[in-house]
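Subject: Structure handover

Hi,

Here is the structure I promised to pass on to you. Have a look at it first, and then read on for what turned up.

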Amino acid sequence: MSKTFVKTLRDAPKDETARSAKLLIRAGYVHKEMAGVYDFLPLGLKVLENIKNIIREELSRIDCEELQLTALQKPDIWEKSGRWSDQEVDIWFKTELAAGGELGLAPTHEEPITDLMKTYIKSYKDLPVYAYQFQTKFRNELRAKSGIMRTREFLMKDLYSFSADEAEHDEFYHKVEGAYKRIYERCGLGDCTYQTFASGGIFSKFSHEFQTILPVGEDTIYYNSDKSIVLNEEVVIPEVLNEFGVSKNDLEKTRAAEVGNIFTIKYKYSEPLGLDFADKNGEKKTVYMGCYGIGVSRVMGVIAEKYADDNGLIWPEEVAPFKYYLVGIGEKGVKAAEEIYAKNPEKILFDDRDARPGEKFADAELIGIPVRIVVSDKTLENGEVELTNRKSGETARCPLEDLKAY
Ligand code: ATP
Ligand code: MG
């Protein structure tokens, strides 16, 4: 703590209304540049990286490969799909090349990845392909709000699948459902995130969204008591209710935040962009596609919003920037703390600042590390350290020499 340039702040900017944004700014995770644009500071970057690594691990389990496309986009491939037009897509950030010609900052990447795959997918032997990236997306959203939950520049994980036919696609689609379930569980959102039926556009009846129940969420969802049916408000119409065999009265209504979605897009981009392959009989077929998003920075905002109290943030274990917040009090206490820190610097945020214990405890709560360890001259009288769980507030003691095992 004595070596970082970041300091906790007493106040957040006045125009910031979301509780999560206020806390993230005050605790030193993010810095606000302007409406809908945030910098990620060292602690915030660690949280983002932890979420990314959870996603990486779960996607590699289902054979996805990571790549990175560019943010800069030229119009021609987007003109083929009809999405260069500002009437069609109203959130483009566009500019001009010095050498002449238009350029856009990618709000999503279906077109460039479909075009890229034309170089590599020629035959049924080249399929399936599952490729994803973590990329900064730019969207000129009319209203940026809720802190990092809706921004004009944000980090998305976007995965694209390229299959020979519907059956091959469906099999993978179900695997992604499983991977997403594990990702949200590991992010601490498992028991409040539901796979939701949403409108699917023109090619498939429904898409699936992953909605986290949240009072300040922008979406409205309807669900039955055992949550086996969860519907986005946009599909709650008589025809759909009939199909699910429920009436609106059987469903509860609540606010939620969309933390991810999965789409069957069939030939929507492969057709206009000409992504074909030769099947076993040498016949030309169009590649069957799916796309799967997760709003990585929004997930961080949703976690921050969901788990906080009056004193600060409360990070779930796997996403927390550090596992332990360490404070030494008194001469012997500080020395013992230094030794504890030296053995495990990766997992510990060591508050070695020249400050009062009360100030350190307040910052420990604000920053929201899962476990606070205090070692003081007093706890050392019994050869012990004190551990406090940020979430439950429970305190325990353990012998100093058993700390690691404990
Ligand atoms: P929304 O309905 O919230 O605008 P979307 O339908 O535009 O989302 P996609 O374009 O499919 O969503 O993006 C994939 C994911 O990226 C979303 O599920 C969401 O979690 C996240 N996301 C979308 N827009 C933003 C934004 N402006 N800021 C932060 N995250 C976003
Ligand atoms: Mg949107």
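This is a predicted model: local features need pLDDT of at least 70, side-chain atom pairs count only at pLDDT 80 or more; totals for chains, interfaces and linings use all residues.

Some overall numbers to begin with. The chain holds 11 helices and 23 strands. Its C-alpha trace spans about 80 × 60 × 45 Å along the principal axes. Of the 406 residues, 51% count as buried. Among the contacts with a separation of 6 or more, 66% are between residues 24 or more positions apart.

Now to the ligand. There are 13 residues around ligand 1, and those that come nearest are Arg 139, Glu 141, Arg 150, Glu 258 and Asn 261.

- Thr 151 places a backbone N or O atom 2.9 Å from a nitrogen atom of ligand 1.
- Asn 261 has an N or O atom in its side chain 2.7 Å from an oxygen atom of ligand 1.
- Arg 298 has a polar side-chain atom 2.9 Å from an oxygen atom of ligand 1.

Taken alone, ligand 1 exposes 580 Å², and the protein buries 81% of that.

Asn 261 also leads us into the strands, where it stands opposite Gly 293 in strand 16. Strand 13 (residues 252-266) and strand 16 (residues 288-295) are antiparallel, with 6 bridges between them. Strand 13 also pairs with strand 10 (residues 206-213), again antiparallel and through 6 bridges; there, Thr 212 has Ala 257 as its bridge partner. With strand 11 (residues 219-223), strand 13 forms 5 bridges in the antiparallel sense, and Asp 219 is partnered by Ala 256.

Elsewhere you will find an open sheet of 3 strands in the order 4-6-5, with antiparallel pairing. Strand 4 (72-73) and strand 5 (93-96) are its edge strands, each pairing on one side only. Between strand 4 and strand 6 (residues 102-105) there are 2 antiparallel bridges, and Leu 72 stands opposite Leu 105 there.

Helix 2 (residues 42-61) has 20 residues, so at 1.5 Å a residue it should span 28 Å; its end C-alpha atoms are 29 Å apart, which agrees. Its buried residues include Leu 43, Val 47, Leu 48, Ile 51, Ile 54, Ile 55 and Leu 59, but also Lys 52 and Glu 58. After helix 2 comes Asp 63, which has a positive phi, near 65°.

The other is helix 9 (residues 330-343), which contains Tyr 341. Is Tyr 341 buried, exposed or partly exposed? Its relative accessibility is 29%, so Tyr 341 counts as partly exposed, since that value falls between the 20% and 50% cut-offs. Beyond its neighbours within four places in sequence, Tyr 341 is in contact with Leu 326, Ile 348 and Phe 350. Tyr 325 lies 16 residues from Tyr 341 in sequence, with 10.0 Å between their C-alpha atoms.

Best wishes

Terms used: Residues are numbered from 1 along each chain as its sequence is written. Chains are lettered from A and ligands numbered from 1 in the order in which they are written. Side-chain values use heavy atoms; hydrogens and water are left out. Helices (H or I, at least four residues) and strands (E, at least two) are DSSP runs, numbered from the N terminus. Buried means under 20% relative accessible area, exposed over 50%, partly exposed in between (1.4 Å probe, protein chains only). Contact means heavy atoms within 4.5 Å. The expected span of a helix is 1.5 Å times one less than its number of residues. A residue is near a molecule or strand if one of its heavy atoms lies within 4 Å of it. A polar contact is a pair of N or O atoms within 3.5 Å; within protein, one must be able to donate a hydrogen and the other to accept it, and residues adjacent in sequence count only if both atoms are side-chain atoms. Accessible areas come from the Shrake-Rupley method with a 1.4 Å probe; for residues, only the protein chains shown count as cover. Two strands pair if DSSP finds at least two bridges between them.
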